[in-house]
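Biologist: I would like to go through this model feature by feature. Please give the general idea each time, then the case at hand.

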Amino acid sequence: MSEAVPKTVTDANRAALVQAAIGRLESELVGFRLALDTYEADLRSLNARRDVQRSQLAERLDLFDVERKAARSRVLDIHMQMIGATTAEEWKKLSTYERAALVASGR
Amino acid sequence: MAALRRRQRGQALIIIFLGTLLIGSAMSGGSGLFHTGRQVPELRERANVVIQDETRREAVGTMLDTIEKELKSYAGDRAALEKDAFAAFDNHAATRSDFEILFARADSLNGKARETFLAHRESLRSRINAEEWTALWAPPKTESIEAFKNYGEKQGQ
């Protein structure tokens, strides 16, 4: 996506805004990955103990959900910044990269 | 080169995590039931071995059938939601409100999945004793490097 920006967004200022947004998106997803790894490890370990109560599991599920929703909101902000820095025609080209990634993420 | 690798890593991360990021993962399928790395057919097989009592074994088998059915239905709902979310990301005209509507749908689906997950675990817990529980969820044994070496040496003899 980053490589496609200079070819697609001809205005240097807007291109810089999009590049910066892509960098932030990457950082955001790296942070989310760490949270997800910790969450899955915690769930695995909690579930393995039969004495763990419903409320304890619920607490961990809810904690992750708070983190996830906050990350999702930041990702949406970044996405809207990219939209704001591109024209519909430019986004049509750039979104093909995002689209491929998003489709694969659903599998 | 490093920049290219960083970009590629960014793309891969988007591929893997955006579905979970958007919708949540209270009732995971991909990372195994309850995020344990174990899929339902494998758990059913293990339950058949570790639960000696026939009545409880059958009850657990029926529960696992129900869980499997619900996971399939959840996967269908999730796929439909992901499709709409992807279309919104493609659409330059999609507004923040459009996304908020999608997120509300996602949160509702995830909320239901959360309840289902917690309820099923409680039901399983009521039918499986502590010893069986440990055997059922025990992590798969991984062969050590030494074991592989020994195996290779034996094959070479």
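Biologist: In which helix is Ala87(B) found?

Modeller: Two conventions come before that: the model is predicted, local features need pLDDT of at least 70, side-chain atom pairs count only at pLDDT 80 or more, and totals for chains, interfaces and linings use all residues. Residues are numbered from 1 along each chain as its sequence is written, while chains are lettered from A and ligands numbered from 1 in the order in which they are written. Helices (H or I, at least four residues) and strands (E, at least two) are DSSP runs, numbered from the N terminus. Ala87(B) belongs to helix H3 of chain B, residues 54-90.

Biologist: Is Ala87(B) buried, partly exposed or exposed?

Modeller: A residue is buried if 20 or more other C-beta atoms, placed from the backbone, lie within 10 Å of its own, exposed if 12 or fewer, and partly exposed in between. Ala87(B) has 14 other C-beta atoms within 10 Å, so it is partly exposed. For chain B, buried residues make up 27% of the 157 residues.

Biologist: What is the make-up of chain B in helices and strands?

Modeller: Chain B has 6 helices and 0 strands, and its pattern along the sequence is α-α-α-α-α-α.

Biologist: What span should helix H4 of chain B have, and how far apart are its end C-alpha atoms?

Modeller: The expected span of a helix is 1.5 Å times one less than its number of residues. For the 32 residues of H4(B), residues 96-127, that gives 46 Å, and the end C-alpha atoms are 46 Å apart, which agrees. The buried residues of H4(B) include Phe99(B), Leu102(B), Asn110(B) and Phe117(B).

Biologist: At what angle do H3(B) and H4(B) pack?

Modeller: Axes are lines fitted to C-alpha atoms, for helices over the stretch in contact, and angles run from 0 to 180 degrees between N-to-C directions. Angles under 35 degrees count as roughly parallel, over 145 as roughly antiparallel, 65 to 115 as roughly perpendicular and the rest as oblique. H3(B) and H4(B) pack at about 170 degrees with axes 11 Å apart, and are therefore roughly antiparallel. As to residue classes, Ala, Val, Leu, Ile, Met, Phe, Trp, Tyr, Cys and Pro count as nonpolar, Asp, Glu, Lys and Arg as charged, and the others, Gly among them, as polar. The contact of H3(B) with H4(B) has 14 nonpolar, 3 polar and 8 charged residues.

Biologist: How far apart are the axes of H2(B) and H3(B)?

Modeller: Their axes are 10 Å apart, at an angle of about 180 degrees, so H2(B) is roughly antiparallel to H3(B). Two residues are in contact if their C-beta atoms, placed from the backbone, lie within 7 Å. Among the residues making this contact are Leu43(B) and Ala47(B) of H2(B) and Val60(B) and Leu64(B) of H3(B).

Biologist: Which residues touch the most other members of the largest nonpolar core?

Modeller: A nonpolar core is a set of buried Ala, Val, Leu, Ile, Met, Phe, Trp, Tyr and Cys residues joined through C-beta atoms within 7 Å. Of the 45 residues in the largest one, Val18(A) and Ala85(B) touch the most other members. H2(A) gives the most to this core, with 9 residues. Leaving aside neighbours within four places in sequence, Ala85(B) is in contact with Leu22(B) and Leu102(B).
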